[in-house]
Structure formats: structure tokens, C-alpha cells
Amino acid sequence: MHWGETKTWYGIPGDDAEKFEAAIKSEAPDLFEAQPDLLFQLVTLMSPKRLKEAGVRVYGCNQRPGEYVITFPKAYHAGFNHGLNLNEAVNFAVPDWLNDGRDCVRRYQEHQKLPVFSHEELLITITQHSTSIKTATWLLDSLREMIDGHLALRKKLRQAVPNIPEVTEEQDVPEDQYQCAVCKGFSYLAQVTCQCTKQVACLEHWTELCGCPHTNRTLRQRFDDDQLLGILRKVQERSTAPITWRRTLQATLAGPEKPELSALRSLATDATEMEVTLPEYPNLRKFVDKANHIVQRALDILRERPLPTFRKYLPRKQNSEVQPLANGEYDAQDVADLLREADELWFDSSEMRDLVNLDRWAAGWDRRAGEMLAELHRAGPNAPLDKAAWDTLFFGAYSYNYSLRRFEDVGRVAKRIRLLEELRAVQDSPLTMEDVEELQKQAVNCSLPPENEQAVKLKELAERGTQWCKYAHMVLDTPIIALEDLNKLVAPPCSVPVFPSLLERIDSVRGRAREIEKQAKAILYPSVGRRTPIQEAMRLVSTTQKDFLIPAVQILADVAPQAAHIEKTCFDIINNRYSPQASHKPLFEELRDMRNTVQKKLWMFTIPSFDI
């Protein structure tokens with residue numbers, strides 16, 4: 001009820017339906033004789049008190065807004081409203097109603113009452129729209145009873161009318177074309193027709209269809225016999241799936257060999273899809289989950305690991321990510337533990353068999369590695385290495401996530417092969433000292449024998465670089481650095497590796513020295529008409545001689561004092577301060593000599609007193 005005033009209900013349980021019918025018929029026998037289907041017309045009432053007196057159970061209830069009232073099959077009921085209200089009614093059915101529905105169809109046929117829908121069509125429709133095992137379980141009995149009973153009627157008809165024409169319809173037809181003209185019931189699966197009428201009859205009342213000879217009859221079917229049996233067989237197979245599943249499980253577990261995990265997984269999956277309760281399923285699910293956990297750990301061991309990548313050590317500035325060389329994570333003890341757990345749980349699988357074979361594979365790999373390493377040791381430090389053979393052995397170790405005893409030794413040989421290739425490729429290329437140090441580090445990492453010719457060349461290269469760098473540091477650490485030494489260092493031979501930072505430092509110091517040299521030469525060899533004051537030249541000499549030894553500055557250091565002496569002498573003469581020494585020449589001869597000196601050697605300086 002949605003809203004409104006109370007509604008009072010009276011109801012009779014389905015078990016008392018026959019008592020009720022007998023009681024009401026005894027009250028009005030004449031009416032029922034005239035109208036056999038009077039009860040289905042909803043126009044007859046009887047006092048609840050009289051019914052109780054006849055031994056019929058009668059119940060009553062009051063329904064109010066928000067409340068539901070459910071009437072079960074065969075339960076007669078009646079009621080009245082206390083006032084205005086709004087009620088909604090709907091017909092629904094649960095699986096166990098099918099038997100009641102079948103009984104209802106029979107009773108309707110007995111009373112020639114028009115049914116609401118076709119019970120036969122309902123069952124067939126269920127088979128077409130629901131293929132679950134759960135549906136098949138509750139549908140099978142009703143479907144079998146319907147099909148067996150119907151096929152029995154067909155057989156009886158064929159016996160009564162031998163060679164009766166039969167027609168199978170491919171599509172459903174309207175209800176009025178399969179409603180029996182005699183009992184008013186729906187005969188969905190098959191009907192009997194006659195040429196004299198458009199009406200049809202069910203297989204129980206076909207003789208009453210018309211007065212024509214029986215040979216004029218035709219059997220019109222929605223499904224032929226084989227189709228009906230096929231429908232029944234499919235439902236039966238689905239309904240017996242739990243029994244088949246249980247038998248398969250028992251057979252799988254009862255064998256002398258360990259049960260295959262794939263078969264148990266399949267059974268667990270089938271049980272889930274059945275949507276029915278299987279008592280064995282919870283334990284099976286736990287078993288499969290435990291086995292899956294063991295198998296997953298086995299797969300971690302059996303999985304292929306990402307192959308490593310070998311990068312070139314030169315050039316050193318590489319941004320590419322390199323997969324490191326790494327041994328497997330699991331060892332023989334881990335394998336033994338998993339096999340023991342699988343044996344205790346009692347199952348087998350392809351993964352477990354692969355684990356059994358893994359020890360054999362590892363032993364073979366280790367034996368091969370030992371043979372190749374021993375041969376390498378006997379061959380000597382300069383023996384050629386078969387890159388293909390060593391790579392096959394090394395990369396084969398990555399087939400499983402398994403720790404191998406000689407993996408690191410084989411990995412060092414694989415790295416050694418690539419290092420030797422690189423050393424041969426760069427032997428004529430200029431290298432920095434950082435390059436050489438990196439190559440030496442990698443030579444140690446891959447255990448490159450010191451006697452190997454490439455190792456010897458690398459050592460010699462490192463020694464030349466070390467000597468050069470030692471000499472360069474000695475030059476740079478000298479209190480007064482000679483420009484000549486810097487010029488020797490600025491362009492080391494290609495066969496000598498150096499540190500770029502050291503070379504940059506040498507270039508910087510040499511650049512300062514050359515700038516000073518340039519200033520000194522600009523004073524000593526000026527352009528036309530340009531002369532430099534003596535004090536400026538003296539300052540350059542004084543500043544430079546603290547840090548550098550530069551030939552041009554040394555020349556300037558020799559001539560600048562002479563110019564300064566002449567300047568002082570001339571200044572003293574002009575200011576009447578000159579006092580010649582005993583060893584000096586006469587004044588004018590002295591002045592003549594100073595003029596010649598200035599003109600020949602000191603012409604690049606500005607000498608104010610001399611010019612006066």
C-alpha cells in the first residue's frame with residue numbers, strides 16, 4: 001500500500017484450498033453446477049465463520065501504508081478497504097512455484113478458464129535465457145515432466161493417426177494461434193489443426209476439434225522431438241554438473257600420482273562459475289591458493305632476468321643507464337625448500353618439474369664455466385678470447401633468477417673481452433689521464449692479467465702521463481716560472497695523457513706570461529713615434545720578476561736601468577749637480593757617448609732631461 005486508509009484481508013492457506021472449495025460448493029451447489037468455473041470469476045463470497053465451522057483455516061490482517069501482503073499459490077483471499085487508498089499489486093514467482101504453476105494449468109484446463117500465460121512457453125524461455133547451473137538444477141524436474149508428458153501425447157497421436165502430417169514452426173506464433181479451442185489452455189509446444197477451421201486443439205483434446213476424418217489433421221510443432229530432447233539434455237547436463245564436478249575432483253585426488261595443479265585450478269574455476277554451493281569447494285580453494293603461492297615463488301626463480309648492458313668506458317661522459325651485472329637471487333637451498341613444500345602439499349605442476357630440472361641445468365652450466373675458465377688460465381694472458389662462446393655462457397646465466405657459483409668469474413671475462421676491444425679501438429686516439437685511470441680501474445674489475453699486452457700498453461701510457469703531470473706540477477710550483485717551460489708544456493704529445501684541468505691551469509698561467517711578454521715587446525719594439533716612460537718599464541720589470549722568467553722582460557731589465565741612469569745624469573747636469581768621477585770622461589765626451597747609446601739602444605724610452 002502506498003497511502004490511504006486501512007485494508008482488511010482474509011486468506012485461506014493453499015493446503016486448505018480443497019476444503020474451501022468443497023465448503024463453498026456445498027453452500028451453493030446449483031450455482032456451481034451451472035457455472036463450474038464460478039470460483040475463478042471473483043464474484044462469490046462466503047462468511048469466514050461458516051468456513052471455520054467447515055474446518056477451513058481462515059486468517060485475517062490489516063494492511064496499512066508502507067506494508068506488503070503476500071499471497072501464496074492456491075491461497076484463496078479476499079478483502080475490503082476502510083476508505084480511499086492507493087494499492088499496487090504485482091505477480092511474481094520463485095523457482096519452487098513451477099509445480100504450483102503446473103497444477104494451476106491443469107485446474108484451468110479442467111474448468112476451461114483462460115490462462116494468463118503459457119506455462120510451456122515459460123519453461124522453454126527460461127532454458128533459452130538462463131544457462132546457469134543453478135537455474136538448471138531447479139528447472140530440470142519440471143522441464144523433464146513437461147517434455148516427457150508432451151512426447152507421450154505425440155506418440156499417442158501418431159499411433160491414432162499413422163503418418164499424420166507434421167509441420168515445425170521456426171518462429172513463435174501469436175497466442176491465439178496455439179490456444180486450444182476445447183480447454184482454452186495454451187498448447188505452445190504443439191497443436192493439432194484441420195483444414196476446415198482456423199482453430200487448433202491441444203494434444204489431449206484433438207479429437208474434439210471438429211467432425212472431419214482424423215486423416216485431415218496436421219500436427220504443428222514449435223520444436224520437433226529431437227529439438228525438445230536436445231533442450232532437455234542440455235539442461236540435464238548443466239544440472240548434473242555439480243555431480244560431474246565432484247566425481248572429477250575425487251578421481252583427480254584419488255590417483256597414485258600427485259594431482260596436477262592445472263586440473264585443480266580448472267575445477268576451482270568451474271566451481272566458482274556454477275553459482276551453487278559445493279561443500280568441497282572451500283578446502284579446494286585453500287589448497288589451490290597455497291599451491292599458487294608456491295608456484296609464484298617458483299616462477300620468481302624460473303623467470304628470465306633482464307639482460308645486462310655493457311657500456312663503453314670511453315667517452316666517460318655518458319648519460320645512458322646501464323643494467324648492472326648481477327647474479328640470481330635464489331640458490332639451491334631455495335629450490336629444495338620449494339620442492340619440499342610442494343611435496344608436502346602434494347601437487348605437481350610444470351613449474352615444479354622445471355625446478356627439478358633447474359639443478360641439472362645449473363650443474364651443467366657450472367661445469368661448462370669451469371672448463372672454459374680452466375682453459376683460459378692455461379692459454380695464457382694474451383690468448384684470444386672467443387666472444388661468442390663466452391657471451392653464450394654468460395647470457396645463458398640470465399635464463400633463470402638462480403645464483404650460480406662461477407657467475408662472477410664468467411662476468412669478469414665477458415667484461416674483459418669488451419675492455420680489450422675498446423683498448424684496441426682507442427690505442428691510436430688521444431686519451432686524458434681520467435680516461436686512462438678509468439680504463440685501469442676497469443682492468444682491475446675484470447681481472448685483466450698484468451702481462452696482457454693491452455694491459456702493458458695501458459700501464460706504459462699511464463706512466464708517461466704520470467711523468468708528464470709530475471713535471472708540469474714541478475714547473476707550476478716553481479716560485480718563478482720560466483715562459484720557456486710553459487711553452488714546452490702547452491702542447492703535450494698525443495701519446496701522453498694529461499688531466500684536462502691541469503692543462504687548463506697551464507694555459508691560464510702561460511696566458512698571463514705571454515700577455516706580459518707582449519707588453520715587454522711593445523716597449524722594446526714600439527711602433528713609429530711611440531716611446532715608453534722609463535718608470536712604466538721599470539714597474540713592469542719589477543712586477544714580472546716576482547712570478548715569471550720571460551726573455552723580453554730580462555732584456556727590458558737590462559736596458560731600463562741604463563735609460564734611468566742617463567736620465568739622472570742629464571737631470572743633474574741641467575741642475576748643476578753633476579760631479580764627474582775621476583774615472584769619467586770629459587763632460588762633452590760623456591754627453592756624446594750618452595747620445596750614441598740613446599740613439600742606438602735606448603731610443604724606445606722617453607728621457608725628458610736628455611731630450612732637453
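Is R222 buried or exposed? I looked this up and found R222 buried, with a relative accessible area of 14%. Here buried means under 20% relative accessible area, exposed over 50%, and partly exposed in between, with a 1.4 Å probe and protein chains only.

I note that this is a predicted model, where local features need pLDDT of at least 70, side-chain atom pairs count only at pLDDT 80 or more, and totals for chains, interfaces and linings use all residues. Residues are numbered from 1 along each chain as its sequence is written, and side-chain values use heavy atoms, with hydrogens and water left out.

**Salt bridges.** I took a salt bridge as a side-chain nitrogen of Lys or Arg within 4 Å of a carboxyl oxygen of Asp or Glu. The count by this rule is 29. R222 pairs with D172 at 2.5 Å, N to O. D172 sits in the loop between β6 (166-168) and β7 (190-194), and R222 in the loop between β9 (217-221) and α7, so the pair ties together parts 50 residues apart in sequence. Helices (H or I, at least four residues) and strands (E, at least two) are DSSP runs, numbered from the N terminus. D172 is partly exposed, at 41% relative accessibility.

I then checked D225. Its side chain meets that of R154 in a salt bridge of 2.6 Å, N to O. This links D225 in helix α7 with R154 in helix α6, 71 residues apart. R154 is buried, at 0% relative accessibility. D225 also forms a salt bridge with R158, the closest N and O atoms being 2.7 Å apart. R158 lies in helix α6 and D225 in helix α7, so this pair ties together parts 67 residues apart in sequence. R158 is partly exposed, at 24%.

**Cysteines.** I searched for disulfides, meaning pairs of cysteine sulfur atoms within 2.5 Å, and the count came to 0. C202 is buried at 5% relative accessibility, and C212 is partly exposed at 23%.

**Helix α5.** In α5 (residues 119-129) I listed H119, E120, L123, I124, I126 and T127 as buried. Seen down the axis, the buried residues fall within an arc of 150°, so they line one face of the helix; the arc is that of the directions from the helix axis to the C-beta atoms. They pack against α4 (98-110), α6 (133-160) and α7 (225-239), contact meaning heavy atoms within 4.5 Å.
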